[in-house]
Amino acid sequence: MLRYTLRQLEYFVAVGEAGSIARASERINVSSPSISAAIAQLEQEFGLPLFVRQHAQGLSLTQGGRQMMEQARLVLREAAAMNDIAGDIAGKVRGPLSVGCLLTFAQLVLPGLRRGFEARYPEVRLRQVELNQVELFSALRRSEIDLALTYDLDVPADLQFTGLVRLPPIALMGTGHPLAGRDAVSIEELKDHPMVLLDLPLSADYFLSFFDAVGGKPVIAERTRDMAVMRSLVANDFGYSIANVRPLSDSAPDGNPVRCVPITGAVRPLRMGFLTAQDADRSNAVRAFIEYGSDLVRAGKLARIGGEPIVPA
């Protein structure tokens with residue numbers, strides 16, 4: 001007879017991931033004494049220590065604890081799958097849903113999308129994570145996330161993309177830039193000016209491919225992996241940059257103004273949409289999330305980021 005519960009396993013995994021009971025308590029909103037008691041009961045039941053208690057550094061998993069935590073995750077995933085099956089049979093949208101999002105536009109799109117979806121489907125427990133494109137591919141393959149909101153950028157054959165919005169590239173520049181007053185600019189006109197490159201996996205290759213097409217190279221003055229830092233560098237005249245999502249504000253995080261100028265010529269737009277595993281069985285929650293995103297596009301709720309809808313009205 002099993003003398004431990006799924007709840008205790010959840011607390012165990014939370015502590016193992018957080019590295020301390022206090023941080024796990026904040027993350028899952030459960031009191032520290034309850035978590036401590038659950039860990040002690042598991043250690044007694046299994047007959048082995050799961051953690052090494054280090055006063056200054058929190059808790060570290062023992063060798064046995066690491067193996068048990070890996071198995072606990074499998075048990076919890078299988079238990080969640082039973083809920084999904086029950087929901088699918090009953091036609092209900094409920095259970096856990098893990099959504100990944102490309103970190104360059106997560107702050108512009110995902111919180112609002114999540115808030116509306118959770119209001120419509122209160123029985124869904126949604127978790128979000130922000131990753132770069134390569135990390136999203138890996139997370140989907142390892143079933144760490146159920147779906148991702150991202151671009152159709154070098155999508156592998158084993159993953160399936162559902163487009164929502166087509167987003168052509170735009171140039172971002174400070175108001176003092178020589179090209180800031182233009183209605184549109186070409187890559188030829190940009191290539192001799194200093195560039196602030198958003199240097200993320202696959203994204204950087206996409207931006208740099210524009211210059212290969214015109215037989216030139218950009219003058220890369222600055223590199224950053226952070227969208228907000230890129231906008232502030234641009235606003236302070238360290239150079240122009242290229243993006244596909246239009247910022248919601250005409251100001252950088254430091255308050256300085258930023259101009260968005262369309263790029264003309266043969267520059268490939270990106271599509272924003274949902275990415276899932278090719279042959280994965282989609283739960284009701286996954287299907288509902290994709291449909292909800294499509295509804296927002298049809299209603300024009302994503303128009304503020306620019307581009308044109310792909311989803312038919």
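Trainee: Start with the largest cavity: by class, what residues does its lining have?

Mentor: The lining of the largest cavity has eight nonpolar, three polar and no charged residues. Ala, Val, Leu, Ile, Met, Phe, Trp, Tyr, Cys and Pro count as nonpolar, Asp, Glu, Lys and Arg as charged, and the others, Gly among them, as polar. This is a predicted model, in which local features need pLDDT of at least 70 and side-chain atom pairs count only at pLDDT 80 or more, while totals for chains, interfaces and linings use all residues. Residues are numbered from 1 along each chain as its sequence is written, and side-chain values use heavy atoms, with hydrogens and water left out.

Trainee: Which residues line the largest cavity?

Mentor: Among them are T104, Y151, S203, F207, N244 and L270. A cavity is a set of points, on a 1 Å grid over the protein atoms alone, where a 1.4 Å probe fits but cannot get out; lining residues have an atom within 4 Å of a point.

Trainee: And what volume does the largest cavity have?

Mentor: About 90 Å³, a volume being the space filled by probe spheres set on the points, which are joined across faces, edges and corners.

Trainee: What about the largest pocket, what's its volume?

Mentor: About 2000 Å³. A pocket is an open set with protein on both sides within 12 Å along at least five of seven lines. Its lining has 22 nonpolar, five polar and 16 charged residues.

Trainee: Which element gives the most to that lining?

Mentor: α4, with eleven residues. Helices (H or I, at least four residues) and strands (E, at least two) are DSSP runs, numbered from the N terminus. R77, A80, P96, S98 and R127 lie nearest the pocket's centre.

Trainee: Switching to α6: which residues are buried there?

Mentor: Q133, L136, F137, A139 and L140. Buried means under 20% relative accessible area, exposed over 50%, partly exposed in between (1.4 Å probe, protein chains only).

Trainee: Last one: how many residues has the largest nonpolar core?

Mentor: It has 80, and L97 and F289 have the most contacts inside it. Such a core is a set of buried Ala, Val, Leu, Ile, Met, Phe, Trp, Tyr and Cys residues joined through side-chain atoms within 4.5 Å. Helix α10 (residues 284-298) gives the largest share, eight residues.
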